[in-house]
Amino acid sequence: MEQIEFNLQDFCINAGIVGLIKMLEEQEDDTVYEIERSTLKVDKDFLLNTDLTNLYFKTLINKYQNICQLIRIEEKLKNICEKELEQKEVKVIIKEIEASLSSNRYKKGYEIVKEKLSFNFYEDLKELKSENTGSYQEKAEKVLNDLKNNELREIFLIKDLAYYVIKYFWKGVCFLNRQNSAKDPKEEFKAYFENPLKEYLQKEIKGEEYCCECGRNIKGSSKMRTSYVITLTEDFSRKNSNYWNFKPNCFVCPLCNFLFALLPLGFSSYNRAFIFINQNTSVKTLDLINNDIFADNELNAYQKFNEMINKITEKNLKQLSNIEVITNMKEQEKYDFNIISKTVLLKIKYNDKRLKSLSKKSSIKIRDEYLNIYEEVMYRILNNYQQYPLIDRLILLSLNDEYKYASASCMTILKIEGGNKMDYENIKEIGAKYSKDFIDARKKELVFQMLDMIKAEDGNGLFNLIANLSNISGELIPEELYEILTDNDKLKLIGYAFVIGFRNGVGKDE
């Protein structure tokens, strides 16, 4: 059995390989491929005899259909059919449905498949829009049943995917070429990506030119341009000054060209972007890490990111290395590249329980804005920012009676920042004992003073203030407090732990 090898390269090829694995898994026959370290091997006969276009769109629909507008339209139609809604509300929903389904992309999609249908979809939609007798449920159900037709539903979903997903990865060719917008997307994909791949595999190419990605021989029609891939290379017809003697030589083979078409399958939808984790130590690792890492819609953006990082760090912590996170910024038509260091990965791993506890906290509304403590903590970890300014802000907020409980999570945040370098609970309890003899107004004033001294790294001033509080309260000064005189890092760790206890008093932070 002859096999075609796909080796890990740059992130575009790697994402394409992950996308190809998704397609191979979709057809549920694991005998046609195998993974060996940095290589994906696929049965050549499978590639030649399989309808790769159908498999591509089937996989793409299963991965991304939840972000398609058609799904939201179907939900609205189901609400009309199943719920007792006021007629005024129904008319508003029907107007929204009609406006969405009347978009050019749906109409062009309908024109492609209408000869295969036994009904006139837009006539049924027109009847629903003009319904005034109150029997709107029957008309809505008819439109909904139309959308269950395999041919119509598939073309509408493909049109949605082209608009919401594919156009952010490549443009200007195949069905994304404006001249081809009225043509069948499947036929265009087959002509531009699948057929060249199969033709290339069926004949032995010998030439002096090589694919710039994998090094395979290319010549003539097997030389594929990559300018359609967003931000990958320049448009040869517009700019060729980057090439020797103004002759572009940045061509790829049909196999790599096909992998570029699979870019959307390798990335995962994340908030307002697409994410790919380029952890290319092996194909298995790459596939595991990018296996629908953001599929859980119940989690917010940083919770999903936290889950992803825990998936990365769940094994082989000693061998863990920095990871490259590539973000497709959608509307900006660019990729953002970030490196998450091993230190950051381990910090998130070791603080998993603390971060999960913070994720369950409600946001704090500050005037017209909301402060999500968990998201702010995660943002600071991922960007290597200290947590102390956040702790300081929360303590100051808590001095306002309207935000009395803003400091409830401060000890958790301090432990995330400082690890296990000291006995925080002991220092916090000492601070709580010192505060018991002060009225609230005086306590707030002292908290202000202590926070100013910590920010100014005034260890002597803070120690003298605590010594005075010790005389008033009759409590001994713990040995750890002497460290603030000589170590600015300890000044912050110990100082904030003391202030948290002093502000919150005796009892649980919650």
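**Contacts, burial and salt bridges**

Reply: This is a predicted model. Setting aside neighbours within four places in sequence, Leu152 is in contact with Tyr110, Val113, Leu117, Phe119, Phe121, Asp146 and Leu147. Leu152 is also among the residues with the most contacts inside the largest nonpolar core, which has 99 residues. Helix α1 (residues 11-26) supplies the largest share of this core, 10 residues.

Me: Why is Lys44 called buried?

Reply: The relative accessible area of Lys44 is 16%. Buried means under 20%, so Lys44 counts as buried.

Me: What makes Glu2 and Lys44 a salt bridge?

Reply: Their side chains meet at 3.6 Å, N to O. The cut-off is within 4 Å, for a side-chain nitrogen of Lys or Arg and a carboxyl oxygen of Asp or Glu, so the pair qualifies. Glu2 lies in the segment before β1 (3-7) and Lys44 in helix α2 (residues 44-49), so the pair ties together parts 42 residues apart in sequence.

Me: Why is Glu75 called partly exposed?

Reply: Glu75 has 40% relative accessibility. Partly exposed lies between the limits of under 20% for buried and over 50% for exposed, so Glu75 belongs there. Its salt-bridge partner is Lys78, at 4.0 Å, N to O. Lys78 is partly exposed as well, with a relative accessible area of 33%.

Me: How do you know that Glu194 is buried?

Reply: Its relative accessibility is 1%, and buried means under 20%. Glu194 also meets Lys190 in a salt bridge of 3.3 Å, N to O, and Asp51, Lys190, Glu194 and Lys198 are linked in a network of salt bridges.

Key
Residues are numbered from 1 along each chain as its sequence is written. This is a predicted model: local features need pLDDT of at least 70, side-chain atom pairs count only at pLDDT 80 or more; totals for chains, interfaces and linings use all residues. Side-chain values use heavy atoms; hydrogens and water are left out. A nonpolar core is a set of buried Ala, Val, Leu, Ile, Met, Phe, Trp, Tyr and Cys residues joined through side-chain atoms within 4.5 Å. Buried means under 20% relative accessible area, exposed over 50%, partly exposed in between (1.4 Å probe, protein chains only). Helices (H or I, at least four residues) and strands (E, at least two) are DSSP runs, numbered from the N terminus. Contact means heavy atoms within 4.5 Å.
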